[in-house]
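Good morning. Please have the sequence and the model open, and I will go through a few places in it.

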Amino acid sequence: MAQVERIVKPRTNHRNRAALRRLLSRIARGGRGGTQRIMDWTARPVEQAMPTMDRRASVQRLLDAGAAVVLEKPLCRTIDEADRLVAAAARSGGRLLYAENLVHAPVFERMLALAQRVGTPTHLEVRTMSSLPTWGDFTSDEWGGGALFDLGVHPLALAMLLANVAGKGRVTSVAAVLRGGEGHGSDEHAEVTLGFASGFTATVVASWQAPQPLWDIQLAGDRGVVRSEEHTSELQSRLHL
């Protein structure tokens with residue numbers, strides 16, 4: 001197994017902007033704890049977990065130094081940063097990755113095993129919904145990625161993998177409707193449509209505007225349905241054929 005070097009976020013109060021700026025300045029200069037030290041790490045993957053406001057720039061520095069980078073969420077803060085990350089991934093030859101821990105959840109592994117039994121897919125929807133977090137700077141301009149880039153990366157990853165296993169291949173188009181909230185510039189609700197070459201579409205909903213937590217996945221086909229959902233803090237998987 002490859003050794004992973006972790007570049008971690010600073011242990012400073014997220015409201016201590018002056019301390020954070022000093023840390024980022026030191027990283028930019030390549031000093032102690034900075035990304036310049038990965039020049040000797042080119043044979044190892046690097047997990048990038050730096051503050052969101054420096055994420056795109058530090059990822060680019062790591063890629064330029066030859067490292068393979070595993071990016072933590074929130075992946076970015078704006079569509080412009082997202083476009084730049086996509087371009088960096090294309091230039092890197094596959095060295096920029098996102099790792100999704102939920103694909104190893106037993107209930108999702110079970111769904112993957114059952115996906116081919118539903119026949120030709122006709123419907124796929126993944127929803128991850130809750131109220132707005134009361135801790136952290138999830139919606140701040142400097143730190144937050146909003147419901148799409150922070151919360152939404154989980155259901156997006158699961159939907160893309162499930163569709164691929166069910167025979168629909170890779171996503172060929174993406175469209176999204178975002179809804180904001182009061183007092184900040186981040187989105188609190190995102191509805192994403194994933195398009196595939198066959199014309200099939202999947203829906204992903206990520207929201208911080210739900211009164212009650214809701215996690216569910218449903219894949220339907222011409223021979224049956226497989227669905228997982230949250231019940232009393234316990235995920236259950238059911239197959240209907």
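In which strand does Arg 179 lie? Arg 179 is part of strand β6. Keep in mind throughout that this is a predicted model.

Let me stay with Arg 179 for a moment. Its relative accessible area is 41%, so Arg 179 is partly exposed. If we set aside the neighbours within four places in sequence, Arg 179 is in contact with Asp 187, Glu 188, His 189 and Gln 209.

Now follow the chain from β6 into the loop. Between β6 (171-180) and β7 (187-196) you will find Gly 183. Is Gly 183 buried or exposed? With a relative accessible area of 85%, Gly 183 is exposed.

Next, the salt bridges. How many salt bridges does the count come to? The count is 4 salt bridges.

Take Arg 84 and Asp 80, whose side chains form a salt bridge at 3.3 Å, N to O. Why are these two about one helical turn apart? Both belong to helix α3 (residues 79-92), and they are 4 residues apart there, so about one helical turn separates them. Arg 84 is partly exposed, at 43% relative accessibility. Asp 80 is partly exposed as well, with a relative accessible area of 44%.

A second salt bridge joins Arg 127 to Asp 216, with 2.6 Å between the closest N and O atoms. Arg 127 is in strand β5 (residues 121-131) and Asp 216 is in strand β9 (residues 209-221), so this pair ties together parts that are 89 residues apart in sequence. Arg 127 has 25% relative accessibility and counts as partly exposed. Asp 216, at 4%, counts as buried, because buried means under 20%.

Asp 216 has another partner. Arg 227 forms a salt bridge with Asp 216, and here the closest N and O atoms are 3.0 Å apart. This pair links distant parts of the chain, with Arg 227 in strand β10 (residues 225-231) and Asp 216 in strand β9, 11 residues apart. Arg 227 and Asp 216 are both buried. Through shared partners, salt bridges join Arg 127, Asp 216, Arg 227 and Glu 229 into one network.

Last, the helices. Which residues of helix α2 (residues 55-64) are buried? They are Arg 55, Ser 58, Val 59, Leu 62 and Leu 63. Looking down the axis of α2, these buried residues fall within an arc of 140°, so they line one face of the helix. Just after α2 comes Gly 66, which takes a positive phi of about 100°.

How does α2 sit against α3? The two pack at an angle of about 10°, and their axes are 10 Å apart. Angles under 35 degrees count as roughly parallel, so α2 is roughly parallel to α3. From α2, the residues Arg 56, Val 59, Gln 60 and Leu 63 meet Glu 81, Arg 84, Leu 85, Ala 88, Arg 91 and Ser 92 of α3. By type, the residues of this contact divide into 4 nonpolar, 2 polar and 4 charged. Arg 84, then, is in this contact and also in the salt bridge with Asp 80.

Methods:
Residues numbered from 1 in each chain as written. Predicted model: local features only at pLDDT ≥ 70, side-chain atom pairs only at ≥ 80, totals over all residues. Heavy atoms only, no water. Buried < 20%, exposed > 50% of the residue type's maximum accessible area, 1.4 Å probe, protein only. Arc of directions from axis to C-beta. Axes fitted to C-alpha atoms, helices over the stretch in contact; angles between N-to-C directions. Parallel < 35°, antiparallel > 145°, perpendicular 65-115°, else oblique. Contact = heavy atoms within 4.5 Å. Nonpolar A, V, L, I, M, F, W, Y, C, P; charged D, E, K, R; others polar.
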